[in-house]
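Hi,

Here is the structure I promised to pass on. Have a look at it first, and then read my notes below.

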Amino acid sequence: QKIAVLDKSTIAFTLKDPNVAFLDYVMLTNGAFIPSKRAFETLGKDFPFHPVGTGPYRWGQWVQGQRVVLERNPTYWGPAPKLDRIIIRPISDPNTGVIELETGGVHYITRANRDDMGRLAKDKRFVVYRAPSYRARYISLNDSHLPFDDSRVRQAAAYALDVPQIVNTLASGMAAPADTILPRESPFHPSPGSYPVYAYNPARARELLSQAGWMPGPAGVLQKAGQPLRFSLHSPNGRYFMDKEMSEAICNRLHTVGFDCRVKVLEWAAYLSEVRAGKFDAAFGGWNQSSGEPSLFLDALAETGGRANYAQHSDPAIDAALREGLIAFSEGRRKLLYEKAIAGINQHVWYIPIANELKVAIATARLQGYVHTAARSDFTAAWLK
């Protein structure tokens, strides 16, 4: 409703409605910015390209597609950073990043394939940082598209997937199997037994498909009224760890129970354009936050009109639980409400949870003072030995 400046370093927010998640929203590393009014008014459309702030490093230089340079901020309010500058380079290929790290071209990378990860972890010249994170990976099923307009088909797809086997084979050390769209690290992750899960059961998958009217057809693909049980699985390539490879493994599993699943790999911009417009049957997706606050995941992915609810799922009971979850000041009550919401989401099988991706970094052992957590990659006190 309003923001009041109380003194030089204190502001007070007055909200229009109660919101127990507000402090989490304000402190998010991917959204908690109070921009300079003067810079915004002065720079206009160039404002995004000349950021200013009060952090330990200030904006130095941006050469598009090549590097961003951050310089020590001499007016930083906390202890002075130890590094003069940090140079950030975009390296899209994980293999190239590993080569750069090993040859001294960079000191720190955030991606590597599984074999390189294991090899570098045994090399005393490097340190592998891992942290459980708030990164959900899932298959979004569009229940307004055939064949997923039938809940039995959605359940069958979930039963047909050996999710732990897929994740542990392709992403061991980088991700852990998931059974909800709320990451396990969230303090509001539901209690075991409070929500439906779909453990690998191909016989049950076939039974459900038969109940839905899908009968044996040519080449092992089920059919109904002359139409094959066919759909496309949208997937990015490299946006999430092993996303394309997991999508291919998922399709291979679904083939074994009678689906004709075809992976549609798209560049990220094209993927976003189609998925956000609801032009997909199923999509390998992800949602990242720097907090385990449940509303950041469930309101976005499952509430009617949620900003990442691209298939436009809607259930009044889930909406009611999510709305009350934002105003219930009892943590116990909130946990019950979010358990109810997750139970409904899993019951509908709007999503097939796949993995909680770990936050990983590999650095030279010379890097000292770096702090690696789910919420932050903190170089404030970092230095090179």
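Which residue just after H12 takes a positive phi? That one is Val349, with a phi of about 55°. Keep in mind throughout that this is a predicted model.

Since we're at H12 anyway, let's start there. The helix runs over residues 331–348, and its 18 residues should span 26 Å at 1.5 Å a residue; the end C-alpha atoms are 26 Å apart, so the two agree. Its buried residues are Arg334, Leu337, Tyr338, Glu339, Ala341, Ile342, Ala343, Gly344, Ile345 and Asn346. What do they pack against? Helix H10 (295–302), helix H11 (316–325) and strand S15 (351–357).

S15 turns up again at the second largest pocket, where it gives the most to the lining, with three residues. That pocket has a volume of about 270 Å³. It is lined by 18 residues, and the closest to its centre are Ala178, Asp179, Val197, Tyr198 and Ala199. Helix H6 (163–171) and S15 are the elements that give two or more residues to this lining. By class, the lining comes to 14 nonpolar, one polar and three charged residues.

Next, H8. This helix covers residues 243–255, and its 13 residues reach 18 Å from first C-alpha to last, close to the 18 Å expected at 1.5 Å a residue. Buried here are Asp243, Lys244, Met246, Ser247, Ile250, Cys251 and Leu254. They cover an arc of only 160° around the axis, which means they sit on the same side of H8. As a reminder, an α-helix has 3.6 residues a turn, so residues three or four places apart point the same way.

- The largest cavity holds about 40 Å³ of space. Its lining includes Ile250 and Leu254, along with Ile139, Leu141, Phe231 and Leu233, among others. S8, S12 and H8 are the elements that give two or more residues to it. The lining has twelve nonpolar residues, with no polar and no charged ones.
- The second largest cavity has a volume of about 40 Å³. Arg137, Ala175, Tyr240, Phe241, Met246, Phe284, Ala355 and Glu357 line it. They divide into six nonpolar, no polar and two charged.

Finally, a few backbone spots to look at while you have the model open. Met242 is not a glycine, yet has a positive phi of about 60°. You'll find Met242 in the loop between strand S12 (230–235) and H8. Is Met242 buried or partly exposed? Partly exposed, with a relative accessible area of 23%, where the cut-off for buried is under 20%.

Ala225 is another residue other than glycine with a positive phi, near 55°. Ala225 lies in the loop between strand S10 (223–224) and strand S11 (227–228), and is exposed, with a relative accessible area of 79%.

And where is there a cis peptide bond? Between Leu146 and Pro147, with omega about 0°. Pro147 is found in the loop between strand S8 (135–141) and helix H5 (151–159).

Cheers

Terms used: Residues are numbered from 1 along each chain as its sequence is written. This is a predicted model: local features need pLDDT of at least 70, side-chain atom pairs count only at pLDDT 80 or more; totals for chains, interfaces and linings use all residues. Side-chain values use heavy atoms; hydrogens and water are left out. Helices (H or I, at least four residues) and strands (E, at least two) are DSSP runs, numbered from the N terminus. The expected span of a helix is 1.5 Å times one less than its number of residues. Buried means under 20% relative accessible area, exposed over 50%, partly exposed in between (1.4 Å probe, protein chains only). Contact means heavy atoms within 4.5 Å. On a 1 Å grid over the protein atoms alone, a cavity is a set of points where a 1.4 Å probe fits but cannot get out, and a pocket is an open set with protein on both sides within 12 Å along at least five of seven lines; lining residues have an atom within 4 Å of a point. Grid points are joined across faces, edges and corners, and a volume is the space filled by probe spheres set on the points. Ala, Val, Leu, Ile, Met, Phe, Trp, Tyr, Cys and Pro count as nonpolar, Asp, Glu, Lys and Arg as charged, and the others, Gly among them, as polar. The arc is that of the directions from the helix axis to the C-beta atoms.
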